[in-house]
Amino acid sequence: MIIISIGGGLGNQMFEYAFASKIKSVYPGCELKLDISNVSEPAHNGYELEAVFGIKEKQASAREIKKLTGLCLPGENWRLARRCYRKLGALSGKYRNTFLAQTDFTKYEERFFSLVPENSYYLYGVFANYRYFDDMREEILKTFRFPPVCEEHNLVYAGRIQQENSVSLHIRRGDYLTAGIRTPGMDYYRRAMDYIIRHGNPDAQFFVFTDDMEYAEKELRGYKNITFVKGNRGKNSFRDMQLMSLCRHNIITNSTFSFWGAYLNTGPDKVVICPNLPYTGTAELFSCDGWIVTDSGAGHVHTDNETRGGRIHKKVRKLCRK
């Protein structure tokens, strides 16, 4: 049996399930189960893979998780302790051979493909690297098919996006700023927009997706070829990713949600621009071969002392370096 952790928001969950799909193909004789206890609600929208994509997989029991990791703590209050334990517990002790954890969730690691099929494992990470599953891209595209657009405002957006020379532009702030995670500066977006226009798209129409609309409208005022996409919040947030994927080109930020909006874009001539800014504490970019990586011009960053979220992240990073 192989248990794979599922956690975070929709973008993270999609990386983890794409990785699980690859593991299933490499070890067809092993029973695969998911541990969804790491899904971070209410910070995000809970477990979304089934609600959005209709994905149904067996879920691991508390006893099965504890057998392979030595830990099964109930409740949201234990989430940070669980995460620290799993990252550190993989390095030594009784569960070294059954609990395998990423120390950098953006790294591609071959060791996950040299498991002993007769043994059981718990695999912990985000596995946020497209190389885990890009050789099965067509299957991934079939797996992550969105439900048909039905909301009136999204039907209007989708119609325009498919008729115009559309470019998605994703600005992530919100929880990133609260947690002290670096984000691209607005100069990055302006340069990316200029690049798109100068390279064969003088009629480009930019569709802005953001969790901080007031900030985006203030920073991008004066542009006539911009539409701010509104109305997709909470459980309906996935519609933003769906609309991004329908655009002809994509300007993304350093988030897994943003990555998938571009990765699911099947346009043969798409241009994807991403910032040269890894997620705080990691080494690899949320990017694919062929995408354009450019300077992020990172703007203001909340320091670890400015926010409670930042202080928590600092403690986790310190523990994981020991």
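**Exercise 1. Which residues line the largest cavity?**

Keep in mind that this is a predicted model.

Step 1: start with the count. The structure holds 1 cavity of 30 Å³ or more.

Step 2: get the volume. About 30 Å³ of space lies in that largest cavity.

Step 3: The lining is made up of Ile252, Thr253 and Asn254, then Cys274, Pro275 and Leu277, and finally Leu285 and Phe286.

Step 4: sort the residues by class.

**Exercise 2. Now take H10 against H6: are they roughly parallel or roughly antiparallel?**

Step 1: grab the geometry. H6 (residues 152–163) packs on H10 at an angle of about 20 degrees, and the axes are 9 Å apart.

Step 2: apply the cut-off. Angles under 35 degrees count as roughly parallel, and that makes H6 roughly parallel to H10.

Step 3: check the handedness. H6 and H10 make a right-handed crossing.

Step 4: pick out the contact. H6 brings Asn154, Tyr157, Ala158, Ile161 and Gln162, while H10 brings Arg239, Leu243 and Leu246. Sorted by class, the contact of H6 with H10 has 5 nonpolar, 2 polar and 1 charged residues.

**Exercise 3. Describe the other partner of interest for H11, helix H1.**

Step 1: set up the pair. H1 spans residues 10–26, and its axis and that of H11 come within 7 Å, crossing at roughly 65 degrees.

Step 2: The H1 and H11 crossing is left-handed.

Step 3: read off the residues. H1 contributes Leu10, Gly11, Asn12, Met14, Phe15 and Ala18, and H11 contributes Thr256, Phe257, Phe259 and Trp260. The class tally for H1 with H11 is 7 nonpolar, 3 polar and no charged residues.

Step 4: tie back to Exercise 2. Phe257 and Trp260 of H11 touch H1, and Phe257 and Trp260 also meet H10.

**Exercise 4. Which helix gives the largest share of the lining of the second largest pocket?**

Step 1: size up the space. About 340 Å³ lies in the second largest pocket.

Step 2: look at the lining. It has 14 residues, and the closest to the pocket's centre are Ser245, Leu246, Leu264, Asn265 and Thr266.

Step 3: see which helices take part. H5 (137–143) and H10 each supply at least two lining residues, and H10 has the largest share, with 3 residues.

Step 4: finish with the classes. The lining of the second largest pocket has 6 nonpolar, 5 polar and 3 charged residues.

Methods: Residues are numbered from 1 along each chain as its sequence is written. This is a predicted model: local features need pLDDT of at least 70, side-chain atom pairs count only at pLDDT 80 or more; totals for chains, interfaces and linings use all residues. Side-chain values use heavy atoms; hydrogens and water are left out. Contact means heavy atoms within 4.5 Å. Helices (H or I, at least four residues) and strands (E, at least two) are DSSP runs, numbered from the N terminus. On a 1 Å grid over the protein atoms alone, a cavity is a set of points where a 1.4 Å probe fits but cannot get out, and a pocket is an open set with protein on both sides within 12 Å along at least five of seven lines; lining residues have an atom within 4 Å of a point. Grid points are joined across faces, edges and corners, and a volume is the space filled by probe spheres set on the points. Ala, Val, Leu, Ile, Met, Phe, Trp, Tyr, Cys and Pro count as nonpolar, Asp, Glu, Lys and Arg as charged, and the others, Gly among them, as polar. Axes are lines fitted to C-alpha atoms, for helices over the stretch in contact, and angles run from 0 to 180 degrees between N-to-C directions. Angles under 35 degrees count as roughly parallel, over 145 as roughly antiparallel, 65 to 115 as roughly perpendicular and the rest as oblique. A crossing is left-handed if the near helix is turned anticlockwise from the far one by less than a right angle, and right-handed if clockwise.
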